[in-house]
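Please walk through this protein with its sequence and coordinates open side by side. The account below goes from a pocket to the sheet and then to a contact between side chains.

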Amino acid sequence: MGAPEPNDDAQALEGELLYWVAFDTPQYDSGGNGPYRKAQIWGRYLRTESEPEA
């Protein structure tokens, strides 16, 4: 959905990027808001499908 963008938030890690993600099925956030069809996600919260959750 576009190139990653620098994350300028004060809590971002140095060099952390923001990514636009389109979901296969609409998703809700941890607060129950949504459903969202796409979102801008901080790089630290992304993982490949083959990686186990920490």
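**Pocket, sheet and salt bridge**

The largest pocket is lined by Asp 24, Ile 41, Tyr 45, Leu 46, Arg 47 and Glu 49. The model is a predicted one, and the volume computed for this pocket is about 220 Å³. Sorted by type, the lining of the largest pocket has three nonpolar residues, three charged residues and no polar ones. Rolling a probe the size of a water molecule over the atoms is a way to show where empty space is left.

Three strands form an open sheet in the order 1-2-3, and their pairing is antiparallel.

Strand 1 pairs with strand 2 in the antiparallel sense over two bridges. Glu 5 has Leu 18 in strand 2 as its bridge partner, and Pro 6 stands opposite Leu 17 in strand 2. One of the residues involved is Ala 22, whose bridge partner in strand 3 is Lys 38. In a regular strand, side chains alternate between the two faces of the sheet.

Ahead of strand 1, the chain includes Ala 3, which lies in the segment before that strand. Ala 3 has a relative accessible area of 61% and is exposed, because the cut-off for exposed is over 50%. Between Ala 3 and Leu 18 there are 9.0 Å in space, C-alpha to C-alpha, and the two are 15 residues apart in sequence. Leu 18 is also the bridge partner of Glu 5.

The last feature is a side-chain contact. Side chains of opposite charge can pair when their charged atoms come close. How many salt bridges does the model have? The count comes to one. This salt bridge joins the side chains of Arg 44 and Glu 16, with 2.9 Å from N to O. Arg 44 is in the segment after strand 3 (36-42) and Glu 16 is in the loop between strand 1 (5-6) and strand 2 (17-27), so the pair ties together parts that are 28 residues apart in sequence.

Definitions and conventions: Residues numbered from 1 in each chain as written. Predicted model: local features only at pLDDT ≥ 70, side-chain atom pairs only at ≥ 80, totals over all residues. Heavy atoms only, no water. Salt bridge = Lys/Arg side-chain N within 4 Å of Asp/Glu carboxyl O. Helix = DSSP H or I, 4+ residues; strand = E, 2+ residues; numbered from the N terminus. 1 Å grid on protein atoms, 1.4 Å probe; cavity = no way out; pocket = protein on both sides within 12 Å on 5 of 7 lines; lining within 4 Å. Points joined across faces, edges and corners; volume = space filled by probe spheres on them. Nonpolar A, V, L, I, M, F, W, Y, C, P; charged D, E, K, R; others polar. Buried < 20%, exposed > 50% of the residue type's maximum accessible area, 1.4 Å probe, protein only. Pairing = 2+ DSSP bridges.
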